[in-house]
Amino acid sequence: MPTPALDRLAREGPRFDRAYCQVSSCSPSRTSILTGRRPERTGVLDNLESPRKRLKDAVPLQEHFHANGYFTARV
């Protein structure tokens with residue numbers, strides 16, 4: 001199937017040849033980014049459990065920003 005728009009984007013747009021994530025699941029990866037802790041340390045290893053149950057002592061980045069006067073939201 002011809003994909004001229006995707007081909008142009010790949011040719012002219014930014015490419016991330018070495019982009020990594022901690023875990024292939026959303027919740028563990030986001031939790032890792034927002035707390036600065038590796039998934040093995042957070043204990044959040046899947047999308048089934050809320051990170052809040054495991055991270056009682058952590059202050060995620062969005063909460064730190066909010067506590068310091070920034071507006072934070074989830075979309």
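**Entry 1: confidence**

The chain averages a pLDDT of 91, and 100% of the residues score at least 70. As a reminder to myself, where pLDDT is low, predicted coordinates should not be read in detail.

I noted the ground rules too: this is a predicted model, local features need pLDDT of at least 70, side-chain atom pairs count only at pLDDT 80 or more, and totals for chains, interfaces and linings use all residues. Residues are numbered from 1 along each chain as its sequence is written, and side-chain values use heavy atoms, with hydrogens and water left out.

**Entry 2: the overall fold**

Next I looked up the secondary structure, and I found 4 helices and 0 strands. Read from the N terminus, the order is α-α-α-α. The radius of gyration is 17 Å, well over the 11 Å that the globule rule gives for 75 residues, so the chain is more spread out than a compact globule. Here helices (H or I, at least four residues) and strands (E, at least two) are DSSP runs, numbered from the N terminus. The radius is taken over C-alpha atoms, and the globule rule is 2.2 Å times the number of residues to the power 0.38.

I also wrote down the span of the C-alpha trace along its principal axes, about 50 × 30 × 20 Å.

**Entry 3: surface, contacts and charge**

How much of the chain is buried? I got 17% of the 75 residues, where buried means under 20% relative accessible area, exposed over 50% and partly exposed in between (1.4 Å probe, protein chains only). The accessible surface comes to about 6,700 Å², and 55% of that belongs to carbon and sulfur atoms. These areas come from the Shrake-Rupley method with a 1.4 Å probe; for residues, only the protein chains shown count as cover.

For contacts (heavy atoms within 4.5 Å), I took those between residues at least 6 apart in sequence, and 15% of them join residues at least 24 apart.

I counted 13 positive and 8 negative side chains, with the centres of the two sets 3 Å apart. Lys and Arg count as positive and Asp and Glu as negative, while His and the chain ends are not counted. Each charge is placed at NZ of Lys, CZ of Arg, CG of Asp or CD of Glu.

**Entry 4: helix H2**

I then went through H2 (residues 26-35), where Ser27, Pro28, Ser29, Thr31, Ser32 and Thr35 are buried. The buried residues of H2 pack against H3. After the helix comes Gly36, with a positive phi near 75°.

Ser32 counts as buried at 5% relative accessibility. Leaving aside residues up to four places away in sequence, Ser32 touches Gln22, Arg37, Arg38 and Pro39.

**Entry 5: the loop between H3 and H4**

I finished with two loop residues. Val59 lies between H3 and H4 and is exposed, with a relative accessible area of 57%. Not counting residues up to four places away in sequence, Val59 touches Leu34 and His64. Val59 and Arg74 are 15 residues apart in sequence and 16 Å apart, C-alpha to C-alpha.

Ser50 lies in the loop between H3 and H4 and is partly exposed at 34%. From Ser50 to Pro28 I noted 9.8 Å between C-alpha atoms, with 22 residues of separation in sequence.

Terms used: pLDDT = per-residue confidence, 0-100.
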